[in-house]
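These are my notebook entries on a single protein chain, written down in the order in which I looked things up.

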Amino acid sequence: MGQGEDEEPREPARQGRVHRMRQWWRRAWGSAGHERDTLLLIGKSVLAATVAWVISYDLLQAQSPAFAPFSAVLIMQVTVYRSLLQSLRYVGAVVSGVAVQAALGFLVGPDLLTFVLVALVALVIGRWPALGSQGSQVVTAAFFAFSTYISATSNLDKITQLGQIILLVLIGCGVGVVVNVAVVPPLRYRSAEHGIRTLAHALCDLVGDMYPALREGALDEERSNHWRRRAGQTEELISQARSGLRTARESLYYNPRRLFGRHQGPTTFQGYDAVLEALERVLYQMASLTRSLDTWQEDEGDRSGRAFLGRYADFLEAVCDITQVLGTLDEDHLHDQARQLCRLADSAQERCRRVTEEAERAELPLADPALPYGVLVVESTRLMDEFQHTCDVLQRYVDGADRAAQGEGQDGKGARGAGPSA
């Protein structure tokens, strides 16, 4: 975790687009998280689209084979449950759009008035709440159906082509769902650990890039701008984590992986909000901290400032150690992890005090907005408070689980699956 006596100091991350791309791939291959999930979803989408294309183009020789791979990619979601839900909505939207065109086309005829009526009715149907985000596909399907309808030469050909659109959509949705179920179906563990891990990994990566640069005095404009942009993604990361709580529940529905191995048994998600909310506040504090660093006007001859940044780097390294543990949070090892987090929090508290002591010893201008020492001191204290709260939440859960296990030991029942509670 931390930097030991025989461990070489961590080098600041290299800058530039190529180096950042390498770092992104390294994170994707090195640990579970948003990057790896993105690659997995892309790979499964490519597979589903390819299979759907082969069926529609090579086997059926359809006139519009692209409908099948398009549908397969469109409904490829992060969970099996969501793929099924979106498939039903998408098929409903397409069938509605095609039905509108078929009805009006045969009643009114293939002219401009028909197109106007098709557009009007399809747009109204598309606002039906039951279709959700797929409502816009009603008018899309209707327009494609109108184009197919006017190009057909006979009534039988028109009916055949319109029916083929629905068939291709059904094939694409079916292939997409089958691929999502058969190829590493996403299972968000027995709890909402995934959202916490995602936030912790993102925070660890950011802090892990910051503290080596501060320690070496490599605080240039390019680095600070890059840190600020990454921290500025806080809202998106938090939204993803919140969505992860819902996804954690959804991922259990209709998922075959629940039938095997350690995923068997009851699963609940109570209490993880407390840890997640603490990490949310940490990310907000990190965004404020990076903004302060981005406004830094470093004086090359200011040795006191360099010494302060060195202390700050030590504190951020301790923070990085905590986020590394949070990034591997696992209910099976939560007892040991909670104790480890408490030890790391004590170490981080000590380093946080050293930051304040260094600022007081050097009599730094804490009120000078051009040199935001004061803001950095405040942010370090707030960061430490949030991490301490997170560690306390986990420790209270472990203590409560131990007491519950002792009280129900005769029945062989533990407190597994309840999740940490505040």
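**Entry: cysteines.** How many disulfides does the count come to? I found zero disulfides, and C204 is accordingly in none, although the sulfur of C320, the nearest cysteine sulfur, is 3.6 Å away. A pair would need its sulfur atoms within 2.5 Å to be counted. For C342 I looked up the closest cysteine sulfur, which belongs to C391 and lies 5.8 Å away, and this is too far for a bond.

**Entry: overall fold.** I counted 14 helices and zero strands in the protein chain. Of its 422 residues, 48% count as buried, and the chain exposes about 20,900 Å², of which carbon and sulfur atoms supply 55%. Among contacts between residues at least 6 apart in sequence, I noted that 79% join residues at least 24 apart.

Entry: I took helix α4, residues 80-108, and asked what its 29 residues should span at 1.5 Å a residue. After α4 comes G109, which has a positive phi, near 110°.

**Entry: nonpolar cores.** The largest nonpolar core has 63 residues, and those touching the most other members are L214, F308 and F387. Several helices supply at least two residues each, including α8 (193-216), α11 (272-294) and α14 (373-407), while α12 gives the most, with twelve residues. Looking beyond the neighbours within four places in sequence, I found L214 in contact with L219, W227, L293, L309, Y312, A313 and L316. Apart from this core lies another, of 25 residues, and among them are Y90, A145, L168 and V169.

**Entry: confidence.** The mean pLDDT of the protein chain is 78, and 76% of its residues reach 70 or more. Over residues 1-7, however, pLDDT is below 50, and this stretch has ten contacts in the model beyond near neighbours in sequence. Residues 412-422 also stay under 50, and for them the model has 33 contacts beyond four places in sequence. I reminded myself that where pLDDT is low, the predicted coordinates should not be read in detail.

Conventions:
Residues are numbered from 1 along each chain as its sequence is written. This is a predicted model: local features need pLDDT of at least 70, side-chain atom pairs count only at pLDDT 80 or more; totals for chains, interfaces and linings use all residues. Side-chain values use heavy atoms; hydrogens and water are left out. A nonpolar core is a set of buried Ala, Val, Leu, Ile, Met, Phe, Trp, Tyr and Cys residues joined through side-chain atoms within 4.5 Å. Buried means under 20% relative accessible area, exposed over 50%, partly exposed in between (1.4 Å probe, protein chains only). Helices (H or I, at least four residues) and strands (E, at least two) are DSSP runs, numbered from the N terminus. Contact means heavy atoms within 4.5 Å. pLDDT is the predictor's confidence in each residue, from 0 to 100. The expected span of a helix is 1.5 Å times one less than its number of residues. Accessible areas come from the Shrake-Rupley method with a 1.4 Å probe; for residues, only the protein chains shown count as cover.
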